[in-house]
Amino acid sequence: MVMIDVVVSKEVEDALAQKGISADMCKRLVYDAEDKKTKFVNKVTGENLTKKIMDNLTLYVIYAPAAPGAQPVTAYVIKKVYSHKMRMKNLVYTMPEEVKDWWCVKDNCPTVRGQYDLEYMNVTRMAPTLTCPKCQDSYVEEDIAAKPVAVAEMLFEKKRA
Amino acid sequence: MSYQPTVPLDKLPSHFISHDTESHKKWHTGSVTRFASPFVDVFKDRIDFDPIVMAHATTLLGFTNRDFYESPEIAVHCVAYFNELFDLLPVAHFFYSNVFLEKYGVKLQTTNTLPWIAVGDRVVKSPEDADKLPKFEKEDLKPEKCKTTELHWRAFDYEKANIPDMMLPMHNVFCLFSMAAELVGPEKFIIWTRKEPKACHKVLDSLAYTSASGASLTADKYGFDMMVIGSVLANSTVLPPKYVKEFSFDHQRDFVRRALAGGGGPQLWYHLCGDHSRDYTMWKDVITTPFTVMHIGYYGDDVFPSDLLKKEFGNRMSMLAVIDGKRMIEPNFAWIYEQSKKQLLGGRDAPRGCILGTTCETPLITNPGCTLAAVKACKDYGTYGTW
């Protein structure tokens, strides 16, 4: 385990509390991502993105070095946390020519646009993802989780209740 | 040519039956469940028929073509009434082609039989003109500065005030390639794809950016908007597949990702009008959200076969099987019924849902007997699955 500090602002902590997610869980997610290199890093902004798939939720944490440019990094700040309830099922295809700013740290390569099957309440539908072309690890971006996926979850709950 | 609405707009709601009536509520409740079926896998009685009705709704109901395009209040109330009349979709809609072109200096006008068409000189006369094309931001597209937004928001605001149960905020991208052709001139733009590809991309980049700004602006106001993205002039008859990809598909992907990031969507409706017999496979790789419909008009001169649509797209998105829109004007109801039957049987067990529709907008002079024939076929053969 690497020795780093993870800072959670009051604003983020309040937002987490509303979702019933503990700050400690997010911190552990960052420790784990740094330890195992299971993260994407944005080469333009310097932000990191990692995720944890739980029983009924996929949790994403966006975090960045507390002191940009300083080496080694001894502290990170959690900037955003988001989630979706649709379960990630399988990668359907990727668009190799659509290269993104996010890089897979484990494979040291840029991610590409992917399309992933997500499942919720026995309904399977696709959503766009950031995908590593090598390990195929895939992340739903914040705007996709916040709108199309969230609306789908709400509609499925309503119509299939 | 001056225009006056057939009915003064302040008196329009009084010409229609209130949506508070029990009979409307009963129809609407059932229709909503049917409409949602392809997206939530809870299958109602039958597959829906969507004839993509536009000015036909106004003319059939005693209004005019220009009422549809110039009085969006009349348009949406007529579409809502038409849909209930034929037991179609539980939503009204308003959209047209050639959106946002007036921001680029294009003069648009309607006639007694045509939608908003470009008239006068082309705006982009040389590749240098393409370099100067602006990309409009949300601020530039507010209704007081933009006729396209003004017309669409009038429709949505009228729906919200008078027929809220059938309100559907929409953003029509139309076909970026077709609109670029309106700016440059169709023949010239097609030649430019070979001789001046950089200029083509400049024009398309500008249109995609502006359209994404428009989608985001409407979503800001109404919370969401269903986005209709077309490839109409960019089809297999006009362009080789690699050109369809470069000059239509790639710019559409750019638009969709940008618009989703700006809050547009979440529903995406891909409308591939015209012949896509040589380029349809690339469209499997469009960006999709959980609410995505694929609609392809023709395979050569024939309608795009629903069994092929199901095979290629059925595991990726919902699909719209089609009947030939241009035959909707004929007094041959049996032919429409038989083609509807064939297309329904080919597509009804699509894994992610199926809707029946027309190849493109149902014509202004559609024969109402044909609309009824397609609905009857849906009732007789539009069961979900092969059961």
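Accessible areas here come from the Shrake-Rupley method with a 1.4 Å probe, and for residues only the protein chains shown count as cover. The model is predicted, so that local features need pLDDT of at least 70 and side-chain atom pairs count only at pLDDT 80 or more, while totals for chains, interfaces and linings use all residues. Residues are numbered from 1 along each chain as its sequence is written, chains are lettered from A and ligands numbered from 1 in the order in which they are written, and side-chain values use heavy atoms, with hydrogens and water left out.

**Stop 1: chain A**

Select chain A, which exposes about 7900 Å², with 51% of that area supplied by carbon and sulfur atoms. Colour it by secondary structure to find three helices and nine strands, where helices (H or I, at least four residues) and strands (E, at least two) are DSSP runs numbered from the N terminus. Followed from the N terminus, the order of elements is β-α-α-β-β-β-β-β-β-β-β-α.

Along its principal axes, the C-alpha trace of chain A spans about 50 × 40 × 25 Å. Chain A has a radius of gyration of 16 Å, which agrees with the value near 15 Å that a compact globule of 161 residues would have; the radius is taken over C-alpha atoms, and the globule rule is 2.2 Å times the number of residues to the power 0.38.

Of the 161 residues in chain A, 48% are buried, a term that means under 20% relative accessible area, against over 50% for exposed and in between for partly exposed (1.4 Å probe, protein chains only). Taking contact to mean heavy atoms within 4.5 Å, 54% of the contacts in chain A between residues at least 6 apart in sequence join residues at least 24 apart.

**Stop 2: where the chains meet**

Now show both chains and select the contact, to which chain A gives 26 residues and chain B gives 29 residues. Chain A and chain B bury about 2300 Å² between them, 54% of it on carbon and sulfur atoms, buried area being the accessible area (1.4 Å probe) that two parts lose on being put together, summed over both. On the chain A side, pick A:R125, A:M126 and A:K147, which lose the most area to chain B and together account for 28% of what that side buries.

**Stop 3: chain B as a whole**

Move on to chain B, whose secondary structure comes to 13 helices and 10 strands. Its radius of gyration is 20 Å, close to the 21 Å that the globule rule gives for 387 residues, so chain B is as compact as a globular protein of that length. The C-alpha atoms of chain B fill a box of roughly 60 × 50 × 40 Å along the principal axes.

Buried residues make up 61% of the 387 in chain B, and 77% of its contacts between residues at least 6 apart in sequence join residues at least 24 apart.

**Stop 4**

Is B:H251 buried or exposed? With a relative accessible area of 6%, B:H251 is buried, and this residue lies in helix α10 (residues 241-261). Leaving aside residues up to four places away in sequence, B:H251 touches B:L176, B:H201, B:L204, B:D205, B:A208 and B:E246.

Select next B:K160, which is found in helix α6 (residues 147-162) of chain B and counts as exposed at 51% relative accessibility. To finish, draw a C-alpha to C-alpha distance from B:K160 to B:R316, which are 156 residues apart in sequence and 33 Å apart in space.
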